Amino acid sequence: MTARRPTSPTAHPPQPPATGEEGDGSASDERVAAARQALLEGVGAEIAASFPGITRLGGQVVAALYLADEPRSMDELSQELGRSKSNIFANLRGLEAAGIIERRRESGARHDSFALRGKYPDVIVGAYLGRLRRVVQDKRALARRALSLLGDAQGAEADAMRSRLDDLSRKYDLFADLMEQLLPSIDGPVDLERLIAQVPEAMVRSLNAAARVAWAAGDAISRLSGRAGRKK
């Protein structure tokens, strides 16, 4: 009887099961990527809705710069966000004009790099308040210019136009004066945490109560005016 040959060793011996560390690392990477993508999309939508001329990509640039440890070049942002350099460049210009980012040129560098002008979201709040101030001033000037063009024109149509423009001018004057009193000229980030921490709690309660009273009074006056108009 022929002797049986010993079994040859397996060509590919079974590997030990993956350690928990490797599995946890993969899951952690996926969660980091998901959180990053959520922030990119959320900030993208926020910036696009608040600043004309800046798209969702511009908001994603803001989020990418916020998450970065150092300034980013246009090439790096293009590669990181997977978008063309021309689109990145257009949004960088808009963000720079809005006062949200700043351009830098490091010593010895061949290209500019970009960084947020301040902490996020402080820099967005500052830029938005600056834009709101400009909008109020622009509309204030527009109402006055329209009144000047109307001049002393006569007739029912001119009188109706003058009444509306007077009302519009009065409101924008009110808004402008209120902003000057409550929001001094802002050029840059607004440290909301520091401002809120410095406001006494009693003042916050007083402002809240005053605002509620003012809104209620405004609603009551509007209802009374509506009723008086219908009776006529």
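Helices here are DSSP runs of H or I with at least four residues, strands are E runs of at least two, and both are numbered from the N terminus. Ser 169 counts as buried because its relative accessibility is 9%; buried means under 20% relative accessible area, exposed means over 50%, and partly exposed is in between, with a 1.4 Å probe and protein chains only. Leaving out residues up to four places away in sequence, Ser 169 touches Ala 143, Arg 144 and Leu 147, where contact means heavy atoms within 4.5 Å.

Some housekeeping. This is a predicted model, where local features need pLDDT of at least 70 and side-chain atom pairs count only at pLDDT 80 or more, while totals for chains, interfaces and linings use all residues. Residues are numbered from 1 along each chain as its sequence is written, and side-chain values use heavy atoms, with hydrogens and water left out.

Now the overall picture. The chain has eight helices and three strands, and from the N terminus the order is α-α-β-α-α-β-β-α-α-α-α. Of its 232 residues, 24% count as buried. Among contacts with a separation of 6 or more, 57% are between residues 24 or more positions apart.

On to the sheet. What is the strand order? The three strands form an open sheet, S1-S3-S2, with antiparallel pairing; two strands pair if DSSP finds at least two bridges between them. Strand S1 (72-73) and strand S2 (101-104) are at the edges with a single partner strand each, so one side of each has no neighbour in the sheet. S2 and strand S3 (residues 113-116) run antiparallel and are joined by four bridges, and Arg 104 stands opposite Ser 113 in S3.

Helix H2, residues 56-67, lies across S1, S2 and S3 and runs at about 85 degrees to S3. Axes are lines fitted to C-alpha atoms, for helices over the stretch in contact, and angles run from 0 to 180 degrees between N-to-C directions.

H2 also leads us to the core. The largest nonpolar core has 25 residues, and those with the most contacts inside it are Phe 51, Val 61, Val 62, Leu 95, Ile 100, Ile 101 and Ile 124. Such a core is a set of buried Ala, Val, Leu, Ile, Met, Phe, Trp, Tyr and Cys residues joined through side-chain atoms within 4.5 Å. Which element gives the largest share of this core? That is H2, with six residues. Beyond its neighbours within four places in sequence, Phe 51 is in contact with Ala 98, Ile 100, Ile 124, Ala 127, Tyr 128 and Arg 131.

Staying with H2, Leu 57 is found in this helix. Why does Leu 57 count as buried? Because its relative accessibility is 3%. Setting aside neighbours within four places in sequence, Leu 57 is in contact with Leu 81, Arg 83, Asn 87, Ile 88 and Asn 91. Its C-alpha atom is separated by 9.4 Å from that of Val 43, 14 residues apart along the chain.

One last detail, for anyone who likes backbones. Most peptide bonds are trans. Here, a cis peptide bond joins Tyr 120 and Pro 121, with omega about 10 degrees, and Pro 121 lies in the loop between S3 and H5.

Thanks, and over to you!
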